[in-house]
Amino acid sequence: MLETSARLLRLLSLLQSRRDWPGASLAERLGVSERTVRRDVDRLRELGYPVNATRGTDGGYRLGAGAAMPPLLLDDEEAVAVAVGLRTAARGAVAGIEETSVRALAKLEQVLPSRLRHRVGALQASIEAVPPDRPGPSVDPGVLTALAAACRDRERLRFDYRAHDGSAAVRTVEPHRLVSWGRRWYLVAWDVERQDWRTFRADRVEPRTPTGPRFPPRDPPEGGAAAHVARGVSAAAWRHRARVLVHAPAQVVAERVNPAVGVVEAVDERTCVLHTGADGLTTLAVHLGMLDLDFQVTEPPELVERLRALADRYARATRPGEPAGSAGVG
């Protein structure tokens, strides 16, 4: 009996580790006959695990979705990851799941081996998050799961969307990816009407049901979904923008510029253009200097003047005894 129970747990773990398993491969892994595998599969079904079987040369077994949530088997790394994720969610990253996360965490930690509890505790004790400058928007977990399902199933989605100015409109999109950035969630999708990639704040989305027809996958936006969000969100937030000619290969500049703060376009093998910005002109000027590369700025004129003022200040700083000039840098 003990041998059979241990084998059932091992079989369940294998079925959870990948999508499809040929019967012969399971029998080899477990060291039993294919007939024994079939009997063990029947036992798992009696326990509530929906194990689907397919016939033919490519036939095998697949763990499917059932009417109720059966127990899951997690390895050490998975258990630690889930525990840390639940503790993070309990702090309010997604609205409405704080209490649920605490309950799930209590169940998980109750059965965690001592060695894993120590690992989770050490991680949490060693991590301290910096409070955000201002509270982030709350996202309904039901909205997130609806968006994630539409991305997974490649189904067109219609939703009501509130823009930053408060206006509302119905959008029809082909959802691609959900992107998490700090305390905000974004949906990257192909806008059917505008025929272009767009980024939507998840907390401003109200999905309509049912979803639309399935669509063939598209090539992702340049750089991927995360880079697309970083470019769009940062550019929208900048008060000052600049187009900078940098005397260095695009690859060199791209390695020094986070996609969230700049887009690099190659001109030739030795030069490139950096599109960047910041809330303040001084911040922008200092960041350009931190590239540690030669560059030229022709616009905006306010940035050109700020760079000249900084250059004068730095020059005076290298000449001891010279009185400070009257030029100021805010």
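In the predicted model, the side chains of Arg308 and Glu305 meet in a salt bridge with an N to O distance of 2.9 Å. Because Arg308 and Glu305 are 3 residues apart in helix H11, about one helical turn separates them. Glu305 counts as partly exposed, since its relative accessibility is 46%. This pair is one of the 16 salt bridges that the structure holds. A second example is the salt bridge of Asp76 with Arg115, in which the closest N and O atoms are 3.1 Å apart. As Asp76 belongs to helix H4 (residues 76-90) and Arg115 to helix H6 (residues 114-126), the pair ties together parts that are 39 residues apart in sequence. Asp76, at 29% relative accessibility, counts as partly exposed. Asp203 forms a salt bridge with Arg201, with 2.8 Å between the closest N and O atoms, and both Asp203 and Arg201 are buried. Salt bridges also link Arg171, Asp191, Glu193 and Arg194 in a network.

The strands of the model include an open sheet of 5 strands, which has the order S6-S5-S4-S3-S7 and antiparallel pairing. Strand S6 (196-201) and strand S7 (205-207) form the edges of this sheet, each pairing on one side only. On average, and with direction ignored, neighbouring strands of the sheet are turned by 50° against each other. Within the sheet, strand S3 (residues 157-162) and strand S4 (residues 168-181) pair in the antiparallel sense over 6 bridges. In this pairing Leu157 stands opposite Val173 in S4, and Arg158 stands opposite Thr172 in S4. S3 and S4 form a hairpin with 5 residues between them, and in the turn Gly166 has a positive phi of about 95°. On going from S4 to strand S5 (residues 184-191), the pairing is again described as antiparallel, here over 8 bridges, and Leu178 stands opposite Leu187 in S5.

S8 and S10 run antiparallel and are joined by 7 bridges, and His240 stands opposite Ala278 in S10.

The C-alpha atoms of Gly262 and His275 are separated by 5.4 Å, although the two residues are 13 residues apart along the chain. When residues up to four places away in sequence are not counted, Gly262 touches Trp238, Val257, Leu274, His275 and Thr276.

In H10 (residues 281-289), the buried residues are Leu281, Thr282, Leu284, Ala285 and Leu288. Because these residues cover an arc of only 160° around the axis, they are placed on the same side of H10. The partners against which the buried residues of H10 pack are strand S8 (240-246), strand S10 (272-278), strand S11 (295-297) and helix H11 (301-317). Helix H11, which receives this packing from H10, is also the helix in which Arg308 and Glu305 lie.

Terms used:
Residues numbered from 1 in each chain as written. Predicted model: local features only at pLDDT ≥ 70, side-chain atom pairs only at ≥ 80, totals over all residues. Heavy atoms only, no water. Pairing = 2+ DSSP bridges. Helix = DSSP H or I, 4+ residues; strand = E, 2+ residues; numbered from the N terminus. Buried < 20%, exposed > 50% of the residue type's maximum accessible area, 1.4 Å probe, protein only. Arc of directions from axis to C-beta. Contact = heavy atoms within 4.5 Å. Salt bridge = Lys/Arg side-chain N within 4 Å of Asp/Glu carboxyl O. Axes fitted to C-alpha atoms, helices over the stretch in contact; angles between N-to-C directions.
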